[in-house]
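Okay, thanks everyone, I'll keep this short. Have a look at the model on the screen, and I'll walk you through it.

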Amino acid sequence: MENLPFKLANPDLFRPEGFVHGQWKTASSGERFDVEDPGTGECILSCTDFGRSDVDAVVQSSAEAFETFRKENPRSRGRKLLEWDRLIRENRDDIALVLTYESGKPLAEAQGELDYALGFTWWFAGEAERIRGNISTPSLPSRRVMVIKQPIGVCVTLVPWNFPIAMILRKVAAALAAGCTVVAKPSPETPLTCLILANLAVQAGFAPGVFNVVTTSLAHTPEVAEALCKHPLTKKVSFTGSTPIGSLIARHCSEGLKKVTLELGGNCPFVVFNDCNQQQAADELLKLKWRHAGQACVTANRVYVQSGIYEEFLERIAAGTKQLRLGHGTRADTTIGPLTTSRSVTKTQSHVDDAVAHGGKVVVGGQRGQGGGFFYEPTIIRDANSSMLLSKEETFGPILAVFPFDTEDEAVRLANDTSMGLASYFFTKDIDRTWRLMENLEAGMIGLNTGNSSAAESPFGGMKLSGYGKESGKDVAVEEYLVSKTCTLTVEGQF
Ligand code: SIN
């Protein structure tokens, strides 16, 4: 690899090819696609572009590896996960640098994503040995029932570009802990960190074929994803991305009745009551909202602030936002980076224009940033209302829209007024209200006086059109990669 815009301490970490059966593999068509630096809009390198016809060989490799890996002792799987964790830590500066170049996020955030993501390798190393079936005594005499758990088989993981390391480790570490093999298809914007992780997995002792990677362009993504989902040897698909694509993936998987986990869109409400600790709420909101420039499904898309503190709260968050420095992720003074795609800049601008047309006022930002990259200024819009696009759609960009409200009932009605149900956040010091909101908000994850409920040890996943199935957390995540068998035994003789 020549003329890369960055220099790695370990230049052997990846090649811009697929990774199949422990080898770098070029697509049969010879086609390649560009991976861009969102901070400049320029091509970093070109990567091999797998098409539909390449998929069968990759899934066959994973199926072959599964025949051995499924029988591997759980402690051995856990040890390899820990070694993988160690190798990722050892190469963390290189990996963070590559992540910054492919996603645009500032280096400090890239390191933060690695810390978050390494929670998954660590956690699932422990989970491998804690997979349990059960034994029960049924009502019929002389019988005993045993439920055993086994790995489901070859799993396909389709991951987005916003947290390409965390999403891979959350899915793949759970699958490997369960004894499954994996074919990962990273997003065309961010294939490089996924290739590094697969390469390090082999170095950690996972056999060739246990973790394969298929890189593909935006143009070939639909056919490759469809072929992976419909392949008869694929037994489970885990997808993180938008709701329309998640619904398409579910349709692909329905033919073969494949097990599916869908982590889909957000449009999350963040509700701030008069009686909260305002500084705490403002700090948590700014961390949550500006994390990767608003490009997170769990970000606060609609911020509802009670009328008694509306103006004061707005001043606090405006002051905090004005401190941000927009720039290339590798610059030491950058605190917010570019958007990962130019499409996101266009969408953000359209949400700002629409909000202004519907009575919103721009308090901070509101414009594209300078330079050749995909920059958009962190933007606060006040007097937001339900007629605006940003209240109905997930923006996935740096807009913080602040809506006023008066009563708790109104806040709950507004917060739930969405087809999505991924995360909700609220800030109050009233314990009765806390309990009511926990029960009344329609979301798979609820932050109570916090803007962050993502952690390896907590189940992650939504309800409504935000999808189904859980990732991370105790038992539930690994369960997604297992099948249960009920074994009934007749015991002769007297007990
Ligand atoms: C996402 O919002 O896309 C995932 C973020 C997380 O895991 O916290």
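Let me start with a pair of side chains: R86 and E90 meet in a salt bridge, at 2.6 Å from N to O. And before we go on, keep in mind that this is a predicted model. Both residues sit in helix α2, four residues apart, which is about one turn of the helix. As for the surface, E90 is exposed, at 52% relative accessible area, while R86 counts as partly exposed at 40%. The 50% cut-off for exposed is what puts these two in separate classes.

In general terms, side chains of opposite charge can pair when their charged atoms come close.

Staying with helix α2, there's another arginine I'd like you to find. R75 makes a salt bridge with E129, with the closest N and O atoms 3.0 Å apart. This one links distant parts of the chain: R75 is in helix α2, residues 74–90, and E129 is in the loop between α4 (107–128) and β5 (134–136), 54 residues away. Buried or exposed, or something in between, for E129? E129 is partly exposed, with a relative accessible area of 33%. R75 also counts as partly exposed, at 44%.

Now move along to helix α10, residues 310–322. Here E312 and R316 are four residues apart, so about one helical turn separates them. Their side chains form a salt bridge too, 3.3 Å from N to O. Both partners count as partly exposed, E312 at 41% relative accessible area and R316 at 29%. How many salt bridges does the structure hold? The count is 29.

Okay, on to the ligand. Around the ligand you'll find Y116, N162, F163, M167, R170, R291, A296, C297, V298, S454 and F460. Y116 has a polar side-chain atom 2.6 Å from an oxygen atom of the ligand. R170 also brings in a polar side-chain atom, at 3.0 Å from a ligand oxygen. With V298 it's the backbone: an N or O atom there lies 3.1 Å from an oxygen atom of the ligand. And how much of the ligand's accessible area does the protein cover? On its own the ligand has 250 Å², and the protein covers 99% of that.

Let's zoom out. The protein's secondary structure comes to 15 helices and 22 strands. The radius of gyration is 23 Å, close to the 23 Å the globule rule gives for 495 residues, so the protein is as compact as a globular protein of that length. If you're setting up a box, the C-alpha atoms fill roughly 75 × 65 × 40 Å along the principal axes. Of the 495 residues, 58% count as buried.

Last stop, back on the surface. W435, M438 and L448 form a nonpolar patch there, with about 290 Å² of accessible area together. W435 belongs to helix α14, residues 431–440. That tryptophan is exposed, because its relative accessible area is 53% and the cut-off for exposed is over 50%.

Key. Residues are numbered from 1 along each chain as its sequence is written. This is a predicted model: local features need pLDDT of at least 70, side-chain atom pairs count only at pLDDT 80 or more; totals for chains, interfaces and linings use all residues. Side-chain values use heavy atoms; hydrogens and water are left out. Patches are made of residues with over 30% relative accessible area and no salt bridge: like charges are joined within 9 Å, nonpolar side chains (Val, Leu, Ile, Met, Phe, Trp, Tyr) within 5 Å. Accessible areas come from the Shrake-Rupley method with a 1.4 Å probe; for residues, only the protein chains shown count as cover. A salt bridge is a side-chain nitrogen of Lys or Arg within 4 Å of a carboxyl oxygen of Asp or Glu. Helices (H or I, at least four residues) and strands (E, at least two) are DSSP runs, numbered from the N terminus. Buried means under 20% relative accessible area, exposed over 50%, partly exposed in between (1.4 Å probe, protein chains only). A residue is near a molecule or strand if one of its heavy atoms lies within 4 Å of it. A polar contact is a pair of N or O atoms within 3.5 Å; within protein, one must be able to donate a hydrogen and the other to accept it, and residues adjacent in sequence count only if both atoms are side-chain atoms. The radius of gyration is taken over C-alpha atoms; the globule rule is 2.2 Å times the number of residues to the power 0.38.
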